[in-house]
Amino acid sequence: MNPRPRSATDGGKPVTASPASAGERFARALAAKDPDALCAVLAGQVDFQALTPGRHWQAGTAGQAVREIILARWFGEGDDITELCSVAAGRVLDREHVAYRVRVRRSDRDHLVEQQAYYLTDGPRITWMRVL
């Protein structure tokens, strides 16, 4: 990995880009509505739960989470995700955290959707996730 050029705020130290976290990969796959990439970032057996206005969602496998909830009910065929507006990752105690905003076109209207997710991984894949 090549370090990026130094800037005035680096203090003269080379800085390398860090690899994307599982949460960042999840947000990017969701924004692309890419079922294969979403399934790849989620473990085959995953403890997935989410709260959206008026509903609690649960899934035990990546396929259920992706094909029955995320890309079926939340962002279905009539929903065009036109932009990943922001994504930010971090940690909260022993959990990873990702926050993302996507612009969605639905029924000829634009909507801004924001979600927060807390998760655990087995390394590259998410094994436990809570989305709000």
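Predicted model: local features only at pLDDT ≥ 70, side-chain atom pairs only at ≥ 80, totals over all residues.
Strand E1 (residues 42–52) and strand E6 (residues 126–131) pair in the parallel sense, with five bridges; glutamine 49, for example, has arginine 130 in E6 as its bridge partner. With E2, strand E1 pairs in the antiparallel sense over six bridges, and here leucine 51 has histidine 56 in E2 as its bridge partner. E1 and E2 form a hairpin with two residues between them, and glycine 54 in the turn has a positive phi of about 85°.

How many of the 10 residues of H1 are buried? Eight are, so H1 is largely enclosed by the rest of the structure. Among the buried residues of H1 are Phe26, Leu30 and several alanines: Ala22, Ala27, Ala29 and Ala31. Gly23 and Glu24 in H1 are buried too. After H1 comes lysine 33, with a positive phi near 50°.

In soluble globular proteins, nonpolar side chains tend to be buried together. Here the largest nonpolar core has 33 residues, and those touching the most other members are Phe26, Leu30, Leu42, Phe48, Ile70, Trp74 and Met129. Two or more residues come from each of H1, helix H2 (35–41), E1, E2, H3, E4, E5 and E6. H3 gives the most, with seven residues.

Leaving aside neighbours within four places in sequence, leucine 42 is in contact with Phe26, Ala62, Ala65, Val66, Arg125, Ile126 and Met129.

## Aromatic pairs

A search of the whole structure turns up three aromatic pairs. One of them joins phenylalanine 26 and tyrosine 100, a tilted pair at 6.3 Å centre to centre with 55° between the planes. This pair links distant parts of the chain, since phenylalanine 26 is in helix H1 (residues 22–31) and tyrosine 100 in strand E4 (residues 95–106), 74 residues apart. Both phenylalanine 26 and tyrosine 100 are buried.

Tryptophan 57 and tryptophan 74 make an edge-to-face pair, because their planes stand at 85°, with the ring centres 6.2 Å apart. Tryptophan 57 belongs to strand E2 (residues 55–61) and tryptophan 74 to helix H3 (residues 62–74), so the pair ties together parts that are 17 residues apart in sequence. Both tryptophans are buried. Ring pairs link Trp57 and Trp74 with Phe48 into a cluster.

## Charges over rings

Which ring lies under the charged end of arginine 55? That ring belongs to tryptophan 57, and the charged end sits 3.9 Å from the ring centre. Arginine 95, in turn, lies over the face of tryptophan 128, at 4.2 Å from the ring centre.

How values were computed. Residues numbered from 1 in each chain as written. Heavy atoms only, no water. Phe/Tyr/Trp six-rings, centres within 6.5 Å; stacked < 30°, edge-to-face > 60°. Helix = DSSP H or I, 4+ residues; strand = E, 2+ residues; numbered from the N terminus. Buried < 20%, exposed > 50% of the residue type's maximum accessible area, 1.4 Å probe, protein only. Lys NZ or Arg CZ within 6 Å of the ring centre and 35° of its normal. Pairing = 2+ DSSP bridges. Core = buried A, V, L, I, M, F, W, Y, C linked by side-chain atoms within 4.5 Å. Contact = heavy atoms within 4.5 Å.
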